[in-house]
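I opened this model to look up its sheets, the helices on them and the ligand site. My entries follow in the order I made them.

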Amino acid sequence: MKKLILLSSALVVALSGCGKKETSTSEPSGGGGKSVSVGFSQIGAESAWRTANSQSIKDEAQKRGIKLVFSDAQQKQENQIKALRSFIAQNVDVIAFSPVVETGWEPVLQEIKQAGIPVILTDRAVDVSDPSLYATFIGSDFVEEGRRAAQWLADKTGGKAQIAELVGTPGSAPALDRKKGFEEVLAKYPDMKIIKSQSGDFTRAKGKEVMESFLKAPDAKQITALFAHNDDMALGAIQAMEEAGVKPGSEITIVSIDGVKAAFEAMTAGKLNCTVECNPLIGPQLFDSIDAVLAKKDLPRRIVVQEGVFDQSKAAAELPNRKY
Ligand code: GYE
C-alpha cells in the first residue's frame, strides 16, 4: 500500500514537473551526515504578513542547516495538495503547511500518514475528524483577534458604528474566525451593525476594488467604520477612500489586523486608526516543534502565538521596533 502511494505520488510529481516554477530548495551549507529535510507548502504571497512569514521560515531553516523544500501555492488549494504529494514522493522527514482553506484536507493527510511522515500545521487550522492527522498546530487565536478589533471599535465609537467589513479569503480559518470573534462582541452593542460585508481575498488590490464598490453604493454615506480582516485590504481601502474624497481615519474609522509596518506608517499619518497584532514570525517555533517531533517528544496540540493591539497613540513609538 505504502509503495503504491509513493508510486502514484511520484507520478503526480513527474506529470506536474514541467511548468512548476514555484518550488525552491535551500540546501544547508557545510556539515556532514544526513541532514533533516522539511517540505513546506505556503499559501502564496498575498500580503505583507505572508511575505514576512515565508522569510521567517526560510531564515530559520538556513540558520539550523535544515534542507527546506518550499512551495508557493498562489492561494490555490489544488496547488497545495500537489505540493504535499510531491513531498511524500521526495520522502522528506517532516511536512509543514499553512492551509489556505479549512476543509478538504483529509484524503491527502491520510496519504501522508500512511507514508509515515509527521505533519505540523502553521498559521491556519484545518477541519478534520481524525486528530492523529497532524502533530501540532502553531498559530494565532483568530477569534480573539476579531474580538479585540470589535472591542477597540466599541470603545472608540462609544458603541455606535455602521460598519463595512472586508472579509479575508472565503473558507479560510482567519476569515471565519475573525468574523466570528468580531460579531460575538458586536452582539453586546445594539448600535453597532455590519451594513456591508464582502471578501477582498486578503489582498490590497481586492481591498481597494471592494471599497470602491462600497463607496459607490447609494447608502455609502452611512458607513462610519471599516473592519478589514487584514492590513493589506485596509491599505487598499484607504486608497479607494482618498480617491473618492473621503477622509480615512476621521470620516471613516478603520481597524484592521496583522500589524505590518505599512499599517504603522498609515497610523502615524492618521489614516488608519488601529491594528490588532498577528505575528507571522513563527519560523523559530516551527523548527523547535520539528525538532521535538523528530525526537518523538510529546507536543501540545495547539501552540498559540502571543500578540497585542496598537492604536494611533502607540504607533509612532512602536514603528521603529516593527520587524515585519
Ligand atoms: O492575516 C493575512 C494573510 O493567515 C494570519 O493571511 C494569516 C492571514 C493574515 O494573508 O494578511
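Predicted model: local features only at pLDDT ≥ 70, side-chain atom pairs only at ≥ 80, totals over all residues.

**Entry 1**

I began with strand E6, residues 136-139. Thr136 and Ile138 point one way, Phe137 and Gly139 the other, and all are buried.

Next I checked the pairing on each side. Strand E5 (residues 119-122) runs parallel to E6, and three bridges join them. Ile120 stands opposite Thr136 there. E6 is also joined by three bridges to strand E12 (residues 302-304), again in parallel. In E12, I found Arg302 as the bridge partner of Phe137. Ile303 in E12 stands opposite Ile138.

**Entry 1: the seven-stranded sheet**

In what order do the strands of this open sheet run? I read E1-E3-E2-E4-E5-E6-E12, seven strands with mixed pairing. The edges are strand E1 (23-26) and E12, each of which pairs on one side only. On average, neighbouring strands are turned by 15° against each other, direction ignored.

Then I looked at what packs on the sheet. Helix H3 (residues 77-89) touches strand E2 (37-42), strand E3 (67-72) and strand E4 (94-97). The direction of H3 makes about 175° with that of E2. Helix H10 (residues 283-294) lies across E2, E3, E4, E5, E6 and E12. H10 runs at about 160° to E5.

Gln80 lies in helix H3. Is Gln80 buried or exposed? Its relative accessible area is 0%, so Gln80 counts as buried. I listed what Gln80 touches, leaving out residues up to four places away in sequence: Ser41, Gln42, Ile43, Ala73, Phe97, Ser98, Pro99, Val100 and Trp105.

Glu111 is in helix H4 (residues 106-114). Glu111 has a relative accessible area of 18%. The cut-off for buried is under 20%, so Glu111 is buried. What does the side chain of Glu111 contact? I found a polar contact with the side chain of Arg85, at 2.8 Å.

**Entry 2: the ligand**

I turned to the ligand and its surroundings. There are 13 residues around the ligand. Glu46, Asp123, Arg124, Asn230 and Asp258 come nearest.

- A side-chain N or O atom of Glu46 is 2.5 Å from one.
- A polar side-chain atom of Arg50 lies 3.0 Å from one.
- A polar side-chain atom of Arg178 lies 2.9 Å from one.

How much of the ligand's accessible area does the protein cover? On its own the ligand has 300 Å², and the protein covers 100% of that.

**Entry 3: the six-stranded sheet**

I went on to another open sheet, with six strands in the order E8-E7-E9-E10-E11-E13 and mixed pairing. Its edge strands are strand E8 (192-199) and strand E13 (309-311), each pairing on one side only. Neighbouring strands here are turned by 20° on average, direction ignored.

Seven bridges join strand E7 (residues 161-167) to E8, in parallel. Gln162 stands opposite Lys193 in E8.

Helix H7 (residues 204-216) lies across E7, E8 and strand E9 (225-228), at about 125° to E8. Helix H8 (residues 231-243) lies across E7, E9, strand E10 (253-258) and strand E11 (274-277). H8 runs at about 150° to E10.

Terms used: Residues numbered from 1 in each chain as written. Heavy atoms only, no water. Buried < 20%, exposed > 50% of the residue type's maximum accessible area, 1.4 Å probe, protein only. Helix = DSSP H or I, 4+ residues; strand = E, 2+ residues; numbered from the N terminus. Pairing = 2+ DSSP bridges. Axes fitted to C-alpha atoms, helices over the stretch in contact; angles between N-to-C directions. Contact = heavy atoms within 4.5 Å. Polar contact = N/O pair within 3.5 Å; in protein donor to acceptor, adjacent residues only side chain to side chain. Near = heavy atom within 4 Å. Areas by Shrake-Rupley, 256 points an atom, 1.4 Å probe, with all protein chains shown as cover.
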